[in-house]
Amino acid sequence: MQRITILGATGSIGQSTLDVVGRHPDRFEVFALTAHRQDDKLVEPCLRFRPRHAVVGSPEAAQRLAAALRARGCPTEVLHGEAALEGVASAADVDMVMAAIVGAAGLKPTLAAARAGKKVLLANKEALVLSGAIFMRAVADSGAQLLPIDSEHNAVFQALPQGYAREPSPAGVRRILLTASGGPFRETPLANLEAVTPEQACAHPNWVMGRKISVDSASMMNKGLEVIEAHWLFGVPADMIEVVVHRQSVIHSMVEYADGSVLAQLGNPDMRTPIAHAMAWPERIEAGVRPLDLFEIARLDFERPDFARFPCLRLAFDALREGGAAAAVLNAANEEAVAAFLDHRIGFLDIARVIERCLERSAGLAVDCLEAVVAADACAREWAHAEIRNRTPGR
């Protein structure tokens, strides 16, 4: 029996993880569930899985959740705050941690799990984008297992015969090919992108995701962050990572080898597949995913990404090549710009404009420790706020 803490239990990844746990009660036990503000959405999973702990963001949310659970006879202890998050991620009784808190907020508890030597199921790509060298050093020092949950990186992991042998060219790899659906604006006339709405940006054609990650997919910033994540996970430089637009989202990624072979991982677009793979690795378990019908799909299409249409993807490659604090600044500026777009304070194309201006100010910033990462993140958010205040949508 393996005990799991799920960081971000009320999001789509957290819910899918609980679905897999529920299918295998003989293999997995929930140690802790966390949510930031949505304490009401923790009640039902706490009643069903009866974790030892539940963690929320504020004392008020903790009081509400504790009262709701007491009224139903649930013994789960309710905690709150950052220290509690790190505690349930690093507790001695925990075997694995699903790191599914979106954005920079997930960095510290995910790093705590890595430092404690846990099996870390990484769905929070920002942990590596913000602090790649620091995070990978913690994994190496503690002996933690790091298993990717993003469908693309999980596909690469499955296609690499030795996991992530982080050598200059691991296992004879020539290229890592990360697939991308292209999102809802793959064929939208460029002149129309200034006027797209948050509702349109959140209408992903293939995946069901939260609003922030849906906007990132529409701008292809999500793929840009995945490029940076792949660099750290698999030890390859930017020039060995290529993005391929694949509208069907059936091939989740590919690895090209020095002998000309290309290995691909295929499956229906359902996050329970990589979740179940990582939870049971190196074994395979049933995930509740519909089998892939190649005759129904009939065709697979591939295109090069258009950097004029998706400037955020170009900026991510630029940040990876620049190094230093550039990736942390990229991530923080994007989070603030996306929030402003979702609030109708800037236009869709302004997201990339805000990020680019912030990156111009980041030259020379170093991130050699966690405190420096936090400082760079804070600076980038201040710069982004200033840029957002100076803009009107589409300007």
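Predicted model: local features only at pLDDT ≥ 70, side-chain atom pairs only at ≥ 80, totals over all residues.
Residues are numbered from 1 along each chain as its sequence is written, and side-chain values use heavy atoms, with hydrogens and water left out.

**Whole chain**

Switch to a cartoon view. The chain has 16 helices and 11 strands; these are DSSP runs numbered from the N terminus, helices being H or I with at least four residues and strands E with at least two. The radius of gyration is 20 Å, close to the 21 Å that the globule rule gives for 395 residues, so the chain is as compact as a globular protein of that length. That radius is taken over C-alpha atoms, and the rule is 2.2 Å times the number of residues to the power 0.38. Along the principal axes, the C-alpha atoms fill a box of roughly 55 × 50 × 45 Å.

Of the contacts between residues at least 6 apart in sequence, 71% join residues at least 24 apart; a contact means heavy atoms within 4.5 Å.

**Aromatic pairs**

Next, show the rings. The structure holds 4 aromatic pairs. Rings of Phe, Tyr and Trp (its six-membered ring) pair if their centres lie within 6.5 Å; planes under 30 degrees apart count as stacked, over 60 as edge-to-face and the rest as tilted.

Select Phe185 and Phe348: they form an edge-to-face pair, 5.2 Å centre to centre with 75° between the planes. Phe185 lies in the loop between strand E8 (173-180) and helix H8 (198-201), and Phe348 in the loop between helix H14 (326-342) and helix H15 (350-360), so the pair ties together parts that are 163 residues apart in sequence. Phe185 is buried at 5% relative accessible area, and Phe348 is buried at 6%.

**Trp383**

Move to helix H16 (residues 370-389), which contains Trp383. Trp383 counts as buried, with 13% relative accessibility. Leaving out residues up to four places away in sequence, Trp383 touches Val329, Cys358, Arg361, Ser362 and Leu365.

Finally, draw a distance from Trp383 to Glu44. Their C-alpha atoms are separated by 40 Å, and the two residues are 339 residues apart along the chain.

Definitions and conventions. Buried < 20%, exposed > 50% of the residue type's maximum accessible area, 1.4 Å probe, protein only.
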